[in-house]
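Let's take a friendly walk through a protein model together. Keep the picture open as you read, and look up each residue as it comes along.

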Amino acid sequence: MQKEVKGLEIKEKNRETRDGFRSNWGFILSCIGSAVGMGNIWRFPIMVSVWGGLTFLLPYFFFVVLISSSGVLGEFALGRMTKSGPIGAFGYCAEMKGSRRAGEIAGLFPVIGSMTLAIGYTVVVGWIFRYTFMGISGDLYNLGTDMALIGEAFNEAAFETAALSESISLVLGGQGNNMWLITGLAVSALIMIMGIGGGIERSNKFMMPVLFFLLAGLGLYIFTLPNSHEGYSYIFTLNPHMLKNPKLWIFAFGQAFFSLSVAGNGSVIYGSYLSEKEDLVFSSKNVAFFDTAAALLSALVIIPSMAAAGGNLSKGGPELMFIWLVNVFNGMPGGRIVGMIFFICVLFAGVSSLINLYEAPVATMQEVFKLKRTSACLITCGLGCIAALAIQGITGQWMDAVSIYICPLGAAIAGFMFFFVCRKEEALKEINTGRKKPVGEGIIFLGRYVYVPMSVIALVAGALLNGIG
């Protein structure tokens, strides 16, 4: 009883001193911003391309609904219930079972996962800043308009000799990109220093509507290009035989997991900034809907663009964004404007995700070391910058390791803490707080016996597939 009272006192203290979102839609747009990133604009079109359009989309949609109704909702509720980041939230749950310290130690895993993923993202955002500048200045368009290069882009020999690829390999190889890496991180840090409502919420209220508007405009333009219809046909083609492949379902679950930013960190920390007036079920559904919409819009821009250029639609990889699309845009009427708009969209998606990834470590620095927000942001981003500069040559391997091992582990622990360790009555009460029509106990059953076990399976399967591969 004494420990329970202590936990409630800590929660109330956090509630009184914690910054927060100023509106429900500001929170939703910020969560959409955290979810809409390279998982949507880079990796999702790759998955659709490699796994064959609708064959991948069907299991992906299924898992998005499942995860948003359990994992995303649970992490929002866990954060709001405790008014803490992962360490404090897990500690609060574990304290009800007699061991706050064990919960706090478990909370370190998602914080570390968020920081390690942020380090890799910092490198990628540096590439994007450079490409956006090149798009605005016209340097991207001046790299060349020879559409014959598109068909040779996946040919290693052609890649090494193409004039366009020399500039791209300079960026992707990690050389000469230090200034852009630091610039991207400095912009993200400045937004974070301005606070939750004044920085993160305000920036996402601007970036997310603009991103959707620009992506939709690009999609309409791509629709008018000759041969683009082959891309749409590919996206909406179903191969029933492929649905029997277990790897397809594992990758679809992993993509949904990655895309919705379920890792026991970002959603927990954003949930901790929410008031009791907000409807978490409504918010989780909207995050899932708009996140999926952004992913589909990206696929409807990238894959038809490849088709219009005569590309191989079953190919994937970073080349989709940094090589093929540059060639495609440069060969289009108005391609300079199209390329500029596209990379502005990618920039907004990258920055919004990066600030979410750094937020959990920043909040942890504030909670554990009692630092002011500015100091916590500068220290965390400074350490992230040093690490990002050091891992530029192995960014791909770094991101793979984090997404396969650390993030699913954090999500599984968060799900276990909320759906199993936390009392069922308290968890259900938090989910229904702010909601006019309460949900029943089925949501707890879904979290306990479907979402958490599948998170563990995804972690094990991902590790095995990575080892096999």
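We start with N227, which counts as partly exposed because its relative accessibility is 40%. You will find N227 in the loop between helix 11 (196–223) and helix 12 (229–235). Its phi is near 70°, a positive value in a residue other than glycine. Keep in mind as you look that this is a predicted model.

K83 sits in the loop between helix 4 (54–82) and helix 5 (86–95). Is K83 buried or exposed? With a relative accessibility of 6%, K83 counts as buried.

Now turn to helix 6, which covers residues 100–137. R100 belongs to this helix, and R100 is buried, with a relative accessible area of 17%. The side chain of R100 makes a polar contact of 3.0 Å with the side chain of E95.

Further along, look for I112, also in helix 6. I112 is partly exposed, at a relative accessible area of 46%. Together with I105 and L108, I112 forms a nonpolar patch on the surface. The accessible area of these three residues together is about 260 Å².

## Aromatic rings that meet

How many aromatic pairs does a search of the whole structure find? The search turns up 19 of them. Take Y131 and F343 as one example: their ring centres are 5.2 Å apart and their planes meet at 40°, so this pair is tilted. Y131 lies in helix 6 and F343 in helix 17 (residues 335–369), so the pair ties together parts that are 212 residues apart in sequence. Both Y131 and F343 are buried.

Compare that with F416 and F420, an aromatic pair that is stacked, with 5.5 Å from centre to centre and 25° between the planes. These two residues are four apart in helix 19 (residues 395–421), so about one helical turn separates them. F416 is partly exposed, with a relative accessible area of 41%, and F420 is partly exposed as well, with 29%.

## Cysteines without a partner

A disulfide is a covalent bond between the sulfur atoms of two cysteines. How many disulfides are counted here? The count comes to zero. C381, for instance, is in no disulfide, and the nearest cysteine sulfur, that of C377, is 6.0 Å away. C381 counts as buried because its relative accessibility is 5%.

Notes. Residues are numbered from 1 along each chain as its sequence is written. This is a predicted model: local features need pLDDT of at least 70, side-chain atom pairs count only at pLDDT 80 or more; totals for chains, interfaces and linings use all residues. Side-chain values use heavy atoms; hydrogens and water are left out. Patches are made of residues with over 30% relative accessible area and no salt bridge: like charges are joined within 9 Å, nonpolar side chains (Val, Leu, Ile, Met, Phe, Trp, Tyr) within 5 Å. Accessible areas come from the Shrake-Rupley method with a 1.4 Å probe; for residues, only the protein chains shown count as cover. A salt bridge is a side-chain nitrogen of Lys or Arg within 4 Å of a carboxyl oxygen of Asp or Glu. Buried means under 20% relative accessible area, exposed over 50%, partly exposed in between (1.4 Å probe, protein chains only). Rings of Phe, Tyr and Trp (its six-membered ring) pair if their centres lie within 6.5 Å; planes under 30 degrees apart count as stacked, over 60 as edge-to-face and the rest as tilted. A disulfide is a pair of cysteine sulfur atoms within 2.5 Å. A polar contact is a pair of N or O atoms within 3.5 Å; within protein, one must be able to donate a hydrogen and the other to accept it, and residues adjacent in sequence count only if both atoms are side-chain atoms.
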